[in-house]
Amino acid sequence: MFSRNNVSAVVTQMLTVSGTVKNVGLGQVTDVAGDIVSIFTPNIVPFGALHLELVSTQHDSLHKKVEAKAKVNALIPKGIDEVKYEAAFHVDDNFGKLGAVLLKNEHQKEMYVKTIVIMGLPQGKVEVTCDSWIASSHDNAEKRVFFTNQSYIPANTPPGLKSLREKELQNLRGNGKGTRKSFDRIYDYDVYNDLGSPDSKPAVVRPVLGGNQLPYPRRCRTGRPPCKSDPLSETRILGNFYIPRDEVFADLKTVAFGTSVLNGVLHSVLPTLEDAVTDTTLGHFSFQEINELFDRGIEMSNIKDIKSMLTVMPNLINPTERILRFPTPDVLQRDQFSWFRDEEFARETLAGPNPSSIKLVTEWPMMSKLDSEIYGSPESIITPELVEQEIKGVMSFSEALQQKKLFVLDYHDALLPFVNKVREIKGTTLYGSRTLFFLTPKGTLRPLAIELTRPPLANGKPQWRQVYTPGYDATSTWLWRLAKAHVLSHDSAHHQIVSHWLRTHCCIEPYIIATNRQLSAVHPIYRLLNPYFRYTMEINSLARVALVNAGGFIETTFSLDKYSMEYGSLVYDKEWRFDHQALPTDLISRGIAIEDQSSPHGLKLAIEDYPYANDGLLLWDAMKQWVTDYVTHYYQNDEQVQADTELQQWWAEIRDKGHGDKKDEQWWPVPTTAQVLIDILTTMIWIASGHHAAVNFGQYSFGGYFPNRPTIARIKMPSEDPTEEEWKNFVTNPCSVLLKTLPSRGQGIKVMTILNVLSSHSPDEEYIGEQLEPSWSEDPTTKESFDKFQLNLKKIESTIDERNADEKLNNRTGAGVIPYELLKPFSKPGATGMGVPNSVSI
């Protein structure tokens with residue numbers, strides 16, 4: 001006979017908007033997890049029950065069950081957002097160590113469970129972290145399994161947990177059939193076939209992204225029915241798209257949570273603002289009119305629903321004056337003329353919101369790889385003589401090329417296939433472009449030339465192209481300014497569609513899907529990656545609803561218009577490689593760095609004062625050390641990595657399904673050693689945190705004043721086959737031509753509004769290295785490694801501050817210059833231009 005222990009359990013439920021109503025006082029009638037209860041006395045109320053079952057690590061599922069029902073232990077006092085449930089068990093001495101808890105929700109509605117605390121076991125108090133939605137048993141009768149915070153690679157899984165581990169993964173994979181329901185937790189893959197709406201009208205038909213014709217990463221499958229007019233496209237629905245239930249956080253966060261704010265802006269604020277602007281298609285009449293958006297603001301006196309706008313964007317609206325006033329962006333606040341200067345134009349390629357596109361010139365003449373029969377002569381018309389003219393005798397052209405002093409922002413081949421198609425759309429235009437820079441002795445870049453190209457036209461017109469230089473007279477100077485505006489619109493489009501959306505949001509989603517399908521929640525690698533993947537699928541779903549869809553924000557404010565996502569597909573097909581997503585490899589692939597073990601971080605930079613690279617490598621090294629310590633703790637040798645079936649299936653699925661259009665590429669790393677695994681994981685974490693922070697949180701600082709980074713060029717260059725009247729208008733009033741080139745009134749306001757939201761941290765932002773995950777704290781070695789990571793991040797903060805005070809670093813200091821703080825790990829709430837969150841959360 002075995003003696004029995006009295007064991008108790010406390011389940012903590014968080015009250016949420018969609019499940020349980022918060023702030024219920026005595027005498028009120030409320031719906032608690034779906035059960036209507038009248039509250040009269042401070043006694044325990046029969047709220048309904050949770051069914052709990054304790055699972056031992058030592059025994060399989062055939063062992064005698066240890067189960068009980070838990071009921072709420074108190075009323076809900078006003079202002080408290082948690083409810084506690086209690087259960088009592090009688091547990092035999094031979095039960096062994098607790099490995100998991102099975103939970104069944106017998107209420108009418110779902111509920112969000114934070115933790116389960118078990119007390120009275122021989123091993124002591126055990127806290128099980130849940131942080132999960134539990135569907136009502138009326139919707140899903142399956143018991144939910146929650147493992148303890150102890151992590152196991154598959155080979156070390158205790159016998160009592162093996163079958164549960166596999167069964168839970170099977171549940172998360174689903175069967176690939178049917179329409180997903182809101183309470184489902186199923187992760188599966190699909191192509192991007194829901195960006196258009198073919199059944200609505202021809203104008204919003206969009207091709208499917210994903211497959212041989214238009215390669216693209218995969219998204220989460222929703223199973224919605226196909227469109228009637230195009231069976232390959234999925235129907236769009238009103239409201240939010242399906243994502244697995246535990247990927248939805250808007251109900252749990254404050255009203256200032258990024259997804260909630262962005263959702264409110266897209267569906268409430270922007271339509272209201274468009275009503276407040278008299279003609280959204282008109283350009284601005286003067287730069288003073290643009291500046292007044294920050295000084296005087298926009299009158300909202302005719303807007304009835306001002307309260308909803310106040311709820312979403314209280315920092316922008318003065319309710320007394322009924323005026324929406326945008327905060328002055330840093331680039332304008334520090335120097336109102338900086339956007340006009342070539343020095344700032346060049347500096348932002350290294351320290352602006354898109355710092356990962358500039359490349360070293362490695363061949364001359366610069367050549368296109370496109371079909372010359374279709375796109376015209378492939379050879380650039382920027383000549384050595386022109387280069388020597390512009391660098392003004394500092395060195396010869398051959399010396400500049402040999403000494404790695406020439407750099408290029410090259411959107412020629414990527415944009416040229418879209419030029420003629422885009423030009424058929426009213427209100428936008430496009431060129432292929434190359435912008436050449438020279439690295440000066442002071443370590444700054446000087447723009448030398450811009451080459452704009454239009455391919456041959458269907459009517460027989462030949463290829464048109466022209467080179468612009470900074471200019472030595474009024475006409476050439478103004479043409480240069482206009483050429484810069486076109487290049488900036490190209491850079492803005494590439495930044496938003498590729499550097500931001502594709503490389504972070506889009507490419508990460510398959511990692512998240514595979515992680516949940518193939519790595520058990522008890523797997524140490526799952527627990528390492530989870531905080532860096534949190535919130536991403538929800539923001540991606542919202543993006544498909546209103547940002548990257550047909551007629552959404554991207555299409556209506558960027559030059560590529562309805563071809564924006566096709567452009568992303570082309571770049572993904574031609575340029576994206578997983579191994580080049582690692583920061584050191586990215587820098588090497590662009591010719592910006594070479595391996596040099598005697599240099600800091602093992603890299604010698606061609607541009608020594610490159611703020612994004614210098615700060616990014618600090619962060620990369622700290623991340624890699626944290627990942628190295630973590631991985632080597634769980635894998636003592638390479639054989640354990642190779643034998644980890646979950647891990648190997650996880651990586652195979654990322655390659656073969658999540659990025660299936662690239663599965664046959666030879667550059668995919670193979671995780672047969674701990675070191676390769678460390679590189680893979682560090683790359684994923686860098687893209688989700690460091691890279692995303694670098695390309696996202698400076699958007700308003702630099703692009704909020706849209707003349708500095710126009711998202712669209714609405715008219716062609718006045719020197720491209722001009723009529724007599726067009727040329728006369730340019731010569732007479734070049735400033736008006738620039739204003740007509742820049743975004744319209746409606747586009748400008750839309751860009752300012754969205755960029756302000758995207759650049760802002762919520763009050764409960766989760767920054768990298770700030771929060772110790774429960775499973776990490778469970779293991780003393782892992783906790784010690786994380787503490788070291790935290791310390792390194794604090795040192796990085798100090799180092800970045802020191803660099804921004806160093807007057808020798810001209811790309812991050814100087815009169816009117818915005819200091820480079822985008823990779824400082826921590827931040828206050830708001831659009832601060834600093835702070836690195838764990839994940840892609842906005």
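What you're looking at is a predicted model. The protein has 26 helices and 22 strands. Its radius of gyration comes out at 29 Å, close to the 28 Å that the globule rule gives for 842 residues, so the protein is as compact as a globular protein of that length.

**Overall build**

- Laid along its principal axes, the C-alpha trace spans about 100 × 65 × 55 Å.
- Of the 842 residues, 60% are buried.
- If you take the contacts with a separation of 6 or more, 74% of them are between residues 24 or more positions apart.

**Helix H10 and its surroundings**

- Helix H10 covers residues 412-422, and helix H15 covers residues 564-575. The two pack at an angle of about 150 degrees, with axes 10 Å apart. An angle over 145 degrees counts as roughly antiparallel, so that is how H10 runs relative to H15.
- The crossing of H10 past H15 is right-handed.
- On the H10 side, the contact is made by Ala 414, Leu 415, Pro 417, Phe 418 and Lys 421. H15 answers with Glu 566, Tyr 567, Leu 570 and Val 571.
- Sorted by type, the residues of this H10–H15 contact are 7 nonpolar, no polar and 2 charged.
- The buried residues of H10 are His 412, Ala 414, Leu 415, Leu 416, Phe 418, Val 419 and Val 422.
- H15 is one of several partners for those buried residues. They also pack against helix H7 (372-375) and helix H11 (474-518), plus the strands E17 (406-410), E18 (432-439) and E19 (445-454).

**Helices H19 and H20**

- H19 brings Leu 647, Trp 650, Trp 651 and Ile 654 to the meeting, and H20 brings Leu 677, Ile 680, Leu 681 and Met 684.
- By type, the contact of H19 with H20 has 8 nonpolar residues, no polar and no charged.

- Phe 241 sits in the loop between strand E12 (219-220) and helix H2 (258-276).
- Leaving aside residues up to four places away in sequence, Phe 241 touches Asp 194, Arg 224, Arg 236, Ser 541, Arg 544 and Val 545.
- For a sense of distance, Phe 241 and Thr 311 are 70 residues apart along the chain, and their C-alpha atoms are separated by 24 Å.
- Ile 842 lies in the segment after helix H26 (780-804). With a relative accessible area of 3%, Ile 842 is buried too.
- Ile 842 and Leu 542 are 300 residues apart along the chain, yet their C-alpha atoms are separated by 10.0 Å.

- Trp 364 and Pro 365 are joined by a cis peptide bond, with omega about 0 degrees. You'll find Pro 365 in the loop between strand E16 (359-360) and H7. H7 turned up above as one of the elements that the buried residues of H10 pack against.
- Lys 392 isn't a glycine, but has a positive phi of about 55 degrees. Lys 392 is in the loop between helix H8 (384-391) and helix H9 (397-402). At 54% relative accessibility, Lys 392 counts as exposed.
- Lys 404 is another residue other than glycine with a positive phi, this one near 60 degrees. Lys 404 is placed in the loop between H9 and E17. A relative accessible area of 35% makes Lys 404 partly exposed.

Methods
Residues numbered from 1 in each chain as written. Predicted model: local features only at pLDDT ≥ 70, side-chain atom pairs only at ≥ 80, totals over all residues. Heavy atoms only, no water. Axes fitted to C-alpha atoms, helices over the stretch in contact; angles between N-to-C directions. Helix = DSSP H or I, 4+ residues; strand = E, 2+ residues; numbered from the N terminus. Parallel < 35°, antiparallel > 145°, perpendicular 65-115°, else oblique. Left-handed = near helix turned anticlockwise from the far one by under 90°. Contact = heavy atoms within 4.5 Å. Nonpolar A, V, L, I, M, F, W, Y, C, P; charged D, E, K, R; others polar. Rg over C-alpha atoms; globule rule 2.2 N^0.38 Å. Buried < 20%, exposed > 50% of the residue type's maximum accessible area, 1.4 Å probe, protein only.
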